[in-house]
There are 2 protein chains.
Amino acid sequence: MGPVVAIHAGAGDRGAALLEQEKRYRDALLRALGEARASVEGGGGAVQAVQAAIVVMESFELFNAGRGSALCADGSVEMSAALMRSVDGAAGAVAAVRHTENPILGAAVVMDSPQVLVVGEAADALAERAGFPQRPTSYFVTDRQRARLQAAGAGRDHATVGAVCVDGDGRLAAGTSTGGIRSQPPGRVGDTPVIGAGTWADPRVAVSCTGDGEAFIRVGVGRYIGALVEHGVPVSEASERALAGVGQLGAGGGLIAVDRRGEVAMPFVTEVLPRGVWRAGEPPAVWVAD
Amino acid sequence: MGPVVAIHAGAGDRGAALLEQEKRYRDALLRALGEARASVEGGGGAVQAVQAAIVVMESFELFNAGRGSALCADGSVEMSAALMRSVDGAAGAVAAVRHTENPILGAAVVMDSPQVLVVGEAADALAERAGFPQRPTSYFVTDRQRARLQAAGAGRDHATVGAVCVDGDGRLAAGTSTGGIRSQPPGRVGDTPVIGAGTWADPRVAVSCTGDGEAFIRVGVGRYIGALVEHGVPVSEASERALAGVGQLGAGGGLIAVDRRGEVAMPFVTEVLPRGVWRAGEPPAVWVAD
């Protein structure tokens with residue numbers, strides 16, 4: 001079986017901004033899939049493909065991750081990201097980082113360290129020591145997000161970006177990156193860097209979530225899907241069951257998951273989940289406003 | 001069925017200090033169980049019992065949580081705690097707090113807020129606004145831990161305290177509190193505040209873990225036990241299977257779990273797991289150095 005990559009750019013509303021910018025969203029998703037494809041075709045594994053896709057999406061200012069992140073209540077930016085791989089169960093996550101240009105690369109540094117989760121200034125410092133660019137707050141804060149913070153009823157943010165991959169050797173990886181929820185109190189951390197909630201990979205399935213993060217933590221969405229798939233539940237049904245648990249808490253969102261045979265599930269209960277899939281030998285497919 | 005409370009004070013080595021101080025350890029465990037018992041007999045539910053037990057253990061300077069926490073590499077103290085209840089799946093956690101006298105009470109504040117995880121200064125500030133005492137670093141740093149930081153080969157810390165309870169109405173709760181690993185880099189967060197890893201409660205089982213935190217996160221121990229019990233696996237077997245997963249990563253530790261029928265599991269693969277159980281109508285039982 002050839003490699004399969006799935007990506008998402010956050011569950012949210014079908015707002016006017018999304019419809020106006022649909023082509024830019026689509027192009028960004030295609031670029032992310034293209035970079036992931038180039039990575040695997042260049043000999044990279046699942047982790048590298050996931051990272052490559054997420055770096056593109058973090059750098060695209062209309063997605064809520066990296067540059068263009070949603071702003072905290074005080075106008076600051078606090079980002080989180082996580083990465084996990086099946087081959088040895090290694091995981092890395094950063095939370096409440098403020099300066100690392102690509103938080104997913106900070107998560108990768110943590111994954112290769114004895115730690116799994118590093119928060120705050122220490123996480124930025126770790127990424128900086130590994131050579132990854134640090135930026136001032138002004139780099140991350142866009143006029144668009146400043147306006148959204150001030151506007152009442154700006155709609156739900158298309159929160160979080162993520163990617164999952166099974167590569168040609170059957171290795172799985174998952175990654176997620178987010179700027180959090182608009183107007184969140186500083187210090188608030190959602191499901192993205194909580195391994196087993198917003199991000200999960202084991203030898204059977206890789207998962208990246210988006211939505212009302214607190215509910216995803218309380219359901220333990222990623223780890224729950226992993227346990228269901230281990231018990232023989234198909235990835236699509238496992239994903240639906242986990243998402244139903246989120247719904248029972250009165251919350252919403254979506255997720256992407258891929259199993260080791262390349263089956264992909266991308267359920268969501270919000271209006272939209274901008275997303276895409278690339279399978280070796282096929283053209284990439286993306287959906288923005290459906 | 002009457003209420004059942006189980007507590008632990010961290011998986012670790014059977015060191016000379018433990019043996020010398022065995023009576024003090026035992027007394028502290030009995031005090032913690034006594035406070036939990038007084039809470040339920042006074043009409044409190046599972047959450048209150050768990051909190052009451054953990055407050056006692058955080059305040060006891062020989063346990064690695066609250067006062068007496070293990071020190072970071074730079075001599076500072078960073079603590080984490082989490083609380084979760086079955087009745088509505090609410091959860092709250094704080095990480096990298098430095099001043100909240102009882103981090104478990106900070107976690108309780110978060111549990112009653114829209115957030116689930118709050119890190120760093122913001123978490124201390126939240127607890128302070130709720131009226132919980134803040135202390136200078138000197139309150140938490142004990143001579144014992146300062147000496148251990150400086151001593152090579154001081155043995156594995158008895159890291160983390162925790163409690164689980166099923167109350168007379170069949171409601172479950174779990175809580176965990178820790179000072180982390182001795183000599184950890186600042187910003188490092190272990191499994192304790194990661195809901196679904198070190199702390200978990202659902203309508204079937206409540207879990208509190210201790211040990212090599214990174215491995216417990218990578219296995220998703222709490223959420224995995226929850227999923228296994230949901231599938232009909234007895235709590236003892238589910239706990240053993242999750243702990244075996246930790247062992248496969250070359251790591252160790254232990255956990256306590258209680259199911260809704262009051263079955264208790266307390267497996268550990270370290271030399272000791274100081275722990276205790278109280279069942280309504282029975283005298284409390286504690287183990288320190290076995």
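## Terms and basis

A polar contact is a pair of N or O atoms within 3.5 Å; within protein, one must be able to donate a hydrogen and the other to accept it, and residues adjacent in sequence count only if both atoms are side-chain atoms.

This is a predicted model, in which local features need pLDDT of at least 70, side-chain atom pairs count only at pLDDT 80 or more, and totals for chains, interfaces and linings use all residues. Residues are numbered from 1 along each chain as its sequence is written, chains are lettered from A and ligands numbered from 1 in the order in which they are written, and side-chain values use heavy atoms, with hydrogens and water left out.

## Symmetry

Chain A superposes on chain B by a rotation of 180° with 0.0 Å of shift along the axis, at an RMSD of 0.0 Å (least squares on the C-alpha atoms of residues with pLDDT of at least 70 in both copies). This is the relation of a two-fold axis. Both copies use the same surface: 100% of the contact residues of chain A recur in chain B (contact means heavy atoms within 4.5 Å).

## The interface

Chain A and chain B each bring 34 residues to the contact. About 2,700 Å² is buried between them, with 64% from carbon and sulfur atoms (buried area is the accessible area, 1.4 Å probe, that two parts lose on being put together, summed over both).

Polar contacts link 12 residue pairs across the interface, both residues at pLDDT 80 or more. Two salt bridges are counted between the chains (a side-chain nitrogen of Lys or Arg within 4 Å of a carboxyl oxygen of Asp or Glu). Arg241(B) forms one with Glu230(A), with the closest N and O atoms 3.9 Å apart.

## What chain A contributes

Helix 9 of chain A gives the most to the side that touches chain B, with five residues (helices are DSSP runs of H or I, at least four residues; strands are runs of E, at least two; both are numbered from the N terminus). By class, this side of chain A has 22 nonpolar, five polar and seven charged residues (Ala, Val, Leu, Ile, Met, Phe, Trp, Tyr, Cys and Pro count as nonpolar, Asp, Glu, Lys and Arg as charged, and the others, Gly among them, as polar).

## Strand pairing

Strand 7 of chain A pairs with strand 4 (residues 117-119) of chain B, antiparallel, over two bridges (pairing needs at least two DSSP bridges between two strands). Arg188(A) stands opposite Val118(B).

Within chain A, four strands form an open antiparallel sheet in the order 8-9-10-11. Strand 8 (199-201) and strand 11 (264-265) of chain A are at the edges, each with a single partner strand, so one side of each has no neighbour in the sheet.
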